[in-house]
Amino acid sequence: MDKIKANTDSKRIINLVIIDDHRIFREGFIKLVTESSSEFKFIYQAKNGIDFINQIPMHMLPDIVITDIRMHKMNGFEVIEWMKSHYPKIPIIAISFNNDADFILKLLAAGFKGNIIKGNEESNIIDILNIVLSGGTHFEKPEQDILIESQIFEDEKTNSIHLSEEKKQFLEKLIDKDTLKDVANEMHISYKTAERWRTIIFNTFNVKSKFELLKKLIRDKLYRT
C-alpha cells in the first residue's frame, strides 16, 4: 500500500519528525520550534532509528527528519543510510554536541543537509529548517560553506591510488571512527602500528590531517556515500 506523500502546497504546515534518545530534549526541542513558528508541526517523535522506522507506517511522511547522531539501536548515520534507500527526497538534519571540522565533513559526506548543535542558544533553528526546506544546506561551521561551494563539486580526474586491502580497511575506519585508538582496537593492531599506517595514508594522499584527507577523498570522488 502506497504511503501518503508529503503535501506540496506552498502554504502548508511543515511536518517534522525528531529522533533523539532523550525524552526531555525531544520535548524541549519540539516546544522551542512550535512556539517560534506556527508553520511547523511535529507529526511524531522517536527515541532511536528503529522506533522511527516502526512509526512510519502509522503517519504521513515528514517534510524534514531531524535526528540525533549518537543513539543506541540505530544511530543517526544509520538512519540517513536507511532513508536514502527508502525516501531519498526527504532531507535529514543532524543534531549533535560535536562541531569539529572532521565531524561536519562526515555529516556532509553522509548526505545530511544541515546540523543543529545541542546547547548552542545562538542557533536559529527556524532559519536552518527553512534553508533546508528550500533545498539548501546549513552547517554550523563557516568552512563548510567554502567546501560546499568550491571543493565538493570540483570535477577533477580521480588520482590513481594503490593501497593494499588491509590499508583500504584502515583508511575506511580512520574516516569513520572518532579516535585512532578506536581504529586500532577494531583493526586488532597496536596503537603504534596505527600511527605508522596513518602516516603512510597521509603521505600517500599528501595531506596532514584527517580533515584534509576526507576533503580530498570527497573532492576526488574516492569517498562514496
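Visitor: How many helices and strands does the secondary structure of the protein come to?

Guide: The protein has 10 helices and 5 strands. Both are DSSP runs, numbered from the N terminus: helices are H or I with at least four residues, strands are E with at least two. This is a predicted model, where local features need pLDDT of at least 70, side-chain atom pairs count only at pLDDT 80 or more, and totals for chains, interfaces and linings use all residues. Residues are numbered from 1 along each chain as its sequence is written, and side-chain values use heavy atoms, with hydrogens and water left out.

Visitor: Why is Glu166 called partly exposed?

Guide: Buried means under 20% relative accessible area, exposed means over 50%, and partly exposed lies in between (1.4 Å probe, protein chains only). Glu166 has 42% relative accessibility, so it counts as partly exposed. Glu166 is found in helix 7 (residues 165-176).

Visitor: What is Glu166 in contact with, leaving aside its neighbours within four places in sequence?

Guide: Met187 and Trp197. Contact means heavy atoms within 4.5 Å. The C-alpha atoms of Glu166 and Met187 are separated by 9.1 Å, and the two residues are 21 apart along the chain.

Visitor: Which residues of helix 9 are buried?

Guide: Thr193, Ala194, Trp197, Ile201, Phe202 and Phe205. Across the protein, buried residues make up 45% of the 225 residues.

Visitor: What span is expected of helix 9, and what does it reach?

Guide: The expected span is 1.5 Å times one less than the number of residues. Helix 9 (residues 191-205) has 15 residues, and 21 Å is expected. From first C-alpha to last, helix 9 reaches 21 Å, close to that value. Asn206 follows helix 9, with a positive phi near 55°.

Visitor: What makes helix 3 roughly parallel to helix 4?

Guide: Axes are lines fitted to C-alpha atoms, for helices over the stretch in contact, and angles run from 0 to 180 degrees between N-to-C directions. Under 35 degrees counts as roughly parallel, over 145 as roughly antiparallel, 65 to 115 as roughly perpendicular, and the rest as oblique. The axes of helix 3 (residues 76-86) and helix 4 come within 10 Å and cross at roughly 15°. Helix 3 is therefore roughly parallel to helix 4. Phe77, Ile80, Glu81 and Lys84 in helix 3 meet Phe103, Lys106, Leu107 and Ala110 in helix 4.

Visitor: Which members of the largest nonpolar core touch the most others?

Guide: A nonpolar core is a set of buried Ala, Val, Leu, Ile, Met, Phe, Trp, Tyr and Cys residues joined through side-chain atoms within 4.5 Å. Of the 50 residues in the largest one, Phe52, Met83, Phe112, Phe170 and Leu213 touch the most other members. Helix 4 (residues 101-110) gives the largest share, 8 residues.
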